[in-house]
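Hi there,

Here is the structure I promised to pass on to you. Have a look at it first, and then read on for what turned up.

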Amino acid sequence: MNKVALHRALMHSPVSQIRAFTSIGSTNDEALQWIDEDAPDFALVIADQQTKGRGRLNRAWITQPEASLAFSVIFRPTRSELAAPSALYAPLCGLAVCQTLRESLGLNPKIKWPNDILLEQQKCCGILVEASWTGVQLNGIVMGIGINITAQAIPPDAILRFPATWVEKYTRQPVERFNLLAQITSAMQFWRSHMDSREFIETWQKQLAFRGETVRIVQNEKTSIIGIEEGIDGLGNLVLREVSGKITTVEVGDVSLRLED
Ligand code: ATP
Ligand code: BTN
């Protein structure tokens with residue numbers, strides 16, 4: 001990891017302290033441990049490679065050396081921030097990544113509810129938000145973000161649950177990972193201060209993938225709901241219109257969204 005270039009790129013960013021690794025198990029694990037020590041608000045853990053990168057439900061997230069941007073940001077929520085629904089932290093990251101891909105690279109990313117970023121209907125970024133608790137007290141939130149930058153980042157088809165893509169496929173020029181990171185962290189700071197605004201939900205809704213299309217929400221092997229994706233409500237729940245006309249809202253949880261054939 002080129003730490004000089006990293007520190008230079010992040011000089012004017014909101015990042016307070018940095019732990020940078022050439023290779024690590026998972027940046028989220030390191031961040032959760034750092035919270036238990038003395039991590040300040042907006043501390044960053046970043047690695048060129050992860051050997052135990054995680055998605056939801058302990059599914060593997062593959063991070064090949066220097067092919068991705070894999071990092072975790074620690075928030076120590078203020079008293080007033082604790083009032084915001086915790087389900088909004090993953091979309092906060094999604095909004096920050098989308099804004100950066102759009103404004104800095106001219107791309108047209110979409111958010112697959114609740115928290116995957118797609119380019120041309122393929123996943124280029126995954127987000128895993130985890131919290132650290134002592135009893136009922138929230139110590140901190142870890143926002144883990146993995147973005148496929150080069151073609152080498154793409155895992156073998158056999159392990160993909162959803163088609164994957166990479167950012168440089170669409171930029172036609174090399175992407176400077178640390179500059180992208182600096183812009184994402186600044187955008188995270190912006191959306192953090194707008195979590196209770198209408199703008200937050202409206203901007204999220206505008207970028208929702210598959211809006212107006214028929215999708216399937218898979219709850220488990222036996223249960224799924226099919227409906228037209230209407231949008232999201234003020235709490236970030238997905239709103240579907242079923243064939244019967246019934247409006248159903250789905251809470252963020254261990255569910256998967258797929259386009260229905
Ligand atoms: P779902 O689509 O079911 O909501 P998800 O997109 O939230 O799931 P996770 O279930 O959290 O994804 O787990 C990550 C999944 O992403 C892995 O199971 C694997 O299929 C896929 N994956 C792993 N590494 C990459 C990568 N570098 N790029 C794209 N997809 C990946
Ligand atoms: C998903 O696809 O749903 C989530 C993937 C999250 C991957 C990122 S990479 C940085 C951080 N460290 C991890 O182990 N996971 C997250």
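Before the aromatic part, one working rule: rings of Phe, Tyr and Trp (its six-membered ring) count as a pair if their centres lie within 6.5 Å, and planes over 60 degrees apart make the pair edge-to-face. Please also keep in mind that this is a predicted model.

By that rule, the structure holds four aromatic pairs. Take Phe75 and Tyr89: the ring centres are 6.3 Å apart, and the planes meet at 70°, so this pair is edge-to-face. Phe75 belongs to strand 3 (residues 68–75) and Tyr89 to helix 3 (residues 89–105), so the contact ties together parts that are 14 residues apart in sequence.

Another edge-to-face pair is made by Trp191 and Phe200, with 5.9 Å from centre to centre and 80° between the planes. Trp191 counts as buried at 3% relative accessibility, and Phe200 counts as buried at 0%.

Which residues do ring pairs link into a cluster? They are Phe42, Phe75 and Tyr89, so the Phe75 and Tyr89 contact described above, with its 6.3 Å between centres, belongs in that picture.

Lys112 lies over the face of Phe162, at 4.8 Å from the ring centre. Lys169 is placed over the face of Trp166, and there the distance to the ring centre is 5.3 Å.

Strand 9 (residues 224–232) and strand 10 (residues 238–241) run antiparallel and are joined by four bridges. Within this pairing, Ile232 stands opposite Leu238 of strand 10. The two strands form a hairpin with five residues between them, and Gly236 in the turn has a positive phi of about 90°.

Strand 10 also pairs with strand 11 (residues 247–250), again in the antiparallel sense and over four bridges. Here Leu240 has Thr248 in strand 11 as its bridge partner. Strand 10 and strand 11 form a hairpin as well, with five residues between them, and the turn holds Gly245, whose phi is positive at about 95°.

Best wishes

Methods:
Residues are numbered from 1 along each chain as its sequence is written. Chains are lettered from A and ligands numbered from 1 in the order in which they are written. This is a predicted model: local features need pLDDT of at least 70, side-chain atom pairs count only at pLDDT 80 or more; totals for chains, interfaces and linings use all residues. Side-chain values use heavy atoms; hydrogens and water are left out. Rings of Phe, Tyr and Trp (its six-membered ring) pair if their centres lie within 6.5 Å; planes under 30 degrees apart count as stacked, over 60 as edge-to-face and the rest as tilted. Buried means under 20% relative accessible area, exposed over 50%, partly exposed in between (1.4 Å probe, protein chains only). A charge sits over a ring if NZ of Lys or CZ of Arg is within 6 Å of the ring centre and within 35 degrees of the ring normal. Two strands pair if DSSP finds at least two bridges between them.
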